[in-house]
Amino acid sequence: MNERFETRCVHGDIDSSPCDENRAISFPIYQTTSFGHLKTGHNESGFDYSRESNPTRQRLEEIVSSLEGAVGTTAFSSGMAAISACFELFSPGDHIICSEDLYGGVIRLHNLISVKNGLQIDYADTTDLSVVLTAIRPETKAIYVETPGNPMMEITDLRACAKIAREHGLLLIVDNTFLSPYFQNPLELGADIVIHSGSKFLSGHNDTIAGFASSKDQVLADKIRLLSKTTGGVLSPFDSWLVMRGIKTLPIRMEQQQKNAQKVAGWLLEQEKVKKVFYPGLKNHPGYDIHAGQTRGAGSMISFSVDCADTALRMLQKVKIVTFAESLGGTESLLTYPVLQTHPDVPAKTREHLGITDTLLRLSVGIENADDIISDLKQALED
Ligand SMILES: *Cc1c(COP(=O)(O)O)cnc(C)c1O
């Protein structure tokens with residue numbers, strides 16, 4: 001596997017991904033439930049039933065594995081399906097330490113399901129390694145991290161967390177959605193499982209819901225695959241194809257979105273009504289050096305706080321090019337109100353402590369012209 005990242009986005013691993021038998025340039029969509037067999041004990045294609053595996057999905061899984069340096073990847077019908085499957089790896093009584101700056105859906109998963117299933121979940125400030133160490137108990141089985149965190153862009157030192165996990169026999173699970181494998185590869189930094197919401201940068205066009213769980217350990221990868229086959233939240237052939245198509249342009253989208261984000265972050269900093277800008281590409285961002293040491297870029301997610309809730313609400317109403325909407329990572333710039341949209345399931349006290357208030361906005365910068373994005377934000381900020 002000598003090809004570089006951009007080439008693997010387009011072709012997968014040249015050696016291990018055979019092309020379609022008809023040499024189709026765009027991998028075919030195998031829209032079928034089942035695969036026929038010639039006689040018992042024979043399975044020429046290796047495929048039986050599409051919940052278990054499907055050629056289009058398998059091709060996508062191989063590409064994601066290649067980009068994350070995994071031995072195995074399972075594609076799920078959403079990021080949450082991938083995350084839910086990972087928490088099925090644990091048993092009643094097991095204790096898991098999660099970053100506190102976390103996608104709100106994961107907190108809802110814990111409140112509604114993990115706790116009922118007997119898991120003990122603790123939220124900890126994983127940016128502080130002494131806090132992580134203190135949180136470890138005899139029943140602890142895993143550390144679950146997002147870096148940059150959502151929405152405060154908090155930075156966790158992945159190499160240091162991996163070392164702690166190794167020393168205590170824990171799994172390190174990292175949600176890499178915010179940076180995509182283009183900017184960060186948690187498995188290379190020592191994580192055991194990396195998760196993606198493929199609905200974001202990987203598919204990249206705000207048109208597909210998808211999720212991935214990748215591992216560098218074959219036993220773990222096989223367990224996750226068996227869980228997906230058993231619980232059934234698999235990615236459809238068509239959606240697999242859409243994500244595959246999205247990934248072909250991942251590097252150029254990531255570069256352009258980051259370039260735009262740097263410009264927008266710089267502009268936001270100069271606005272009187274903008275009180276704080278949270279972007280890992282800013283030198284004074286907490287954890288800037290750690291982030292720079294474990295990634296290849298700052299990405300295109302920016303959170304910022306404004307002077308009052310009225311300003312935030314007005315911006316959401318007045319933006320025209322940027323859309324007031326949930327989600328992130330696509331070609332279109334989206335402005336999100338975390339307190340109402342992505343993090344309502346976080347207890348008010350935690351929200352307050354983290355800074356998820358009614359003055360906080362989260363911006364996913366798209367590939368539009370940066371000056372147009374800035375003009376739009378400017379008119380939206382004005383009274
Ligand atoms: C969107 C998102 C998820 C959930 O993924 P879905 O595809 O929406 O189910 C998980 N983690 C992060 C960081 C996300 O942004």
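Residues are numbered from 1 along each chain as the sequence is written, and side-chain values rest on heavy atoms, with hydrogens and water left out. Since the model is predicted, local features need pLDDT of at least 70 and side-chain atom pairs count only at pLDDT 80 or more, while totals for chains, interfaces and linings use all residues.

Helices (H or I, at least four residues) and strands (E, at least two) are DSSP runs, numbered from the N terminus. Seven strands form an open sheet with mixed pairing, in the order 1-7-6-5-4-2-3; two strands pair if DSSP finds at least two bridges between them. Strand 1 (72-76) and strand 3 (120-124) stand at the edges with a single partner strand each, so one side of each has no neighbour in the sheet. From one strand to the next, the twist averages 20°. Within the sheet, strand 4 (residues 140-146) pairs with strand 5 (residues 171-175) in the parallel sense over five bridges. Glutamate 146 has aspartate 175 in strand 5 as its bridge partner. Helix 4 (residues 104-114) lies across strand 2 (95-99), strand 3 and strand 4, and runs at about 155° to strand 3. Such angles run from 0 to 180 degrees between N-to-C directions, with axes fitted as lines to C-alpha atoms, for helices over the stretch in contact.

Most residues other than glycine have a negative phi, and most peptide bonds are trans. A cis peptide bond joins threonine 147 and proline 148, with omega about -5°, and another cis bond, with omega about 5°, joins asparagine 150 and proline 151. Proline 148 lies in the loop between strand 4 and helix 6 (158-167), and proline 151 has its place in the loop between strand 4 and helix 6. Methionine 153 also lies in the loop between these two elements, and its phi is positive, near 60°. Methionine 153 counts as buried, at 1% relative accessibility; buried means under 20% relative accessible area, exposed over 50%, and partly exposed in between (1.4 Å probe, protein chains only). Serine 327, in the loop between strand 10 (323-324) and strand 11 (334-336), has a positive phi near 80° and is partly exposed, with a relative accessible area of 24%.

The axes of helix 2 and helix 9 come within 8 Å and cross at roughly 35°. In the contact between them (heavy atoms within 4.5 Å), residues including Leu60, Ile63 and Leu67 of helix 2 meet residues including Val243, Met244 and Ile247 of helix 9.

A nonpolar core is a set of buried Ala, Val, Leu, Ile, Met, Phe, Trp, Tyr and Cys residues joined through side-chain atoms within 4.5 Å. The largest has 30 residues, and Leu60, Leu67, Phe212, Val243, Ile247 and Leu250 have the most contacts inside it. Two or more residues come from each of helix 1 (5-11), helix 2 (55-68), helix 7 (180-183), helix 9 (237-248) and helix 10 (250-269). Helix 2 gives the most, with four residues. Domain 1 (5-247) and domain 2 (251-381) both give residues to this core, so it lies between them; the domain bounds come from an automatic or database domain assignment. Apart from this core lies another, of 29 residues, among them Ala261, Tyr279, Leu335 and Val365.
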